[in-house]
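Student: I would like to go through this protein step by step. Can we start with the terms and then look at the parts?

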Amino acid sequence: MDDARRLIPAAMDRFGARVHAVPADRWSAPTPCSEWSVRDLVAHMVFEHRWAPHVLAGEAMDEVGERYDGDLVGDGPVRAWDEAARLSRPAWSGGAAQVHTSFGWLGVEESAVQMLVDLTVHEWDLARGAGLDEHVDPEAVGEALAYIASDPVMLTGPGLFASPVEPRSDDPQEQLLAMVGRRV
């Protein structure tokens, strides 16, 4: 696997383009994440990207504390995403060598590929829930698939993803989605 930090800006742009394309009547629609609506999924990604500048600067999770608990999107999920992305984007180009996550301290390269997995899988989830084109960038899919295939703690540990399902084809996007429990 390459250093995924170079792929984060474009992945954020693609996710953001999907956020901007959500039809007004689809914000409460379900997504493949069984607990989340389209709005909830965007709120999750806003939360992740509000945290990113802190942990990428070397702050531990307890230092960040509860400042991002609660509803971060209000009645403006597009605006909330845009602001979170604006704050997160520059943090990926430098910062600490180690990042504190819910899994403990990780190298920034591993944290970046985890964020790429999140952006890539949730881009597809968002597209499915909002009724948008479901094609995801092949380079991001390849990087995410290589990481998920390595059986990282984020896949097997705290249950961040649904149990794997059998893929219907050998298409890399379908393989990735199946590994994280998505039925295409």
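Tutor: A polar contact is a pair of N or O atoms within 3.5 Å; within protein, one must be able to donate a hydrogen and the other to accept it, and residues adjacent in sequence count only if both atoms are side-chain atoms. Helices (H or I, at least four residues) are DSSP runs, numbered from the N terminus. This is a predicted model: local features need pLDDT of at least 70, side-chain atom pairs count only at pLDDT 80 or more, and totals for chains, interfaces and linings use all residues. Residues are numbered from 1 along each chain as its sequence is written, and side-chain values use heavy atoms, with hydrogens and water left out.

Student: At the start of H8, which backbone nitrogen does a side-chain oxygen of Asp 171 reach?

Tutor: Helix H8 covers residues 172-179. At its start, a side-chain oxygen of Asp 171 comes within 3.2 Å of a backbone nitrogen. That nitrogen belongs to Gln 173.

Student: Which helices do the buried residues of H8 pack against?

Tutor: Buried means under 20% relative accessible area, exposed over 50%, partly exposed in between (1.4 Å probe, protein chains only). In H8 the buried residues are Gln 173, Glu 174, Leu 176, Leu 177 and Ala 178. They pack against helix H5 (108-130) and helix H6 (138-149).

Student: Is Leu 126 buried or exposed?

Tutor: Leu 126 sits in helix H5. Contact means heavy atoms within 4.5 Å. Leaving aside neighbours within four places in sequence, Leu 126 is in contact with residues including Phe 15, Val 19 and Val 42. Because its relative accessibility is 0%, Leu 126 counts as buried.

Student: At roughly what angle do the axes of H1 and H2 cross?

Tutor: Met 12, Phe 15 and Val 19 in H1 meet Leu 41, Val 42, Met 45 and His 49 in H2. Axes are lines fitted to C-alpha atoms, for helices over the stretch in contact, and angles run from 0 to 180 degrees between N-to-C directions. The two axes come within 12 Å. They cross at roughly 145°.

Student: Which side chain makes a polar contact with the side chain of Ser 88?

Tutor: Ser 88 is found in helix H4. It is buried because its relative accessible area is 0%. Its contacts, not counting residues up to four places away in sequence, are Met 12, His 49, Ala 52 and Pro 53. The polar contact, at 2.8 Å, is with the side chain of His 49.

Student: Is Pro 23 buried, partly exposed or exposed?

Tutor: Pro 23 lies in the loop between H1 and H2. Leaving aside neighbours within four places in sequence, Pro 23 is in contact with Ala 130 and Leu 132. Its relative accessible area is 30%, so Pro 23 is partly exposed.

Student: Is Ser 37 buried or exposed?

Tutor: Ser 37 is in the loop between helix H1 (8-21) and helix H2 (38-56). Ser 37 touches residues including Trp 27 and Pro 30, not counting those up to four places away in sequence. Since its relative accessibility is 13%, Ser 37 counts as buried.

Definitions and conventions. Helix = DSSP H or I, 4+ residues; strand = E, 2+ residues; numbered from the N terminus.
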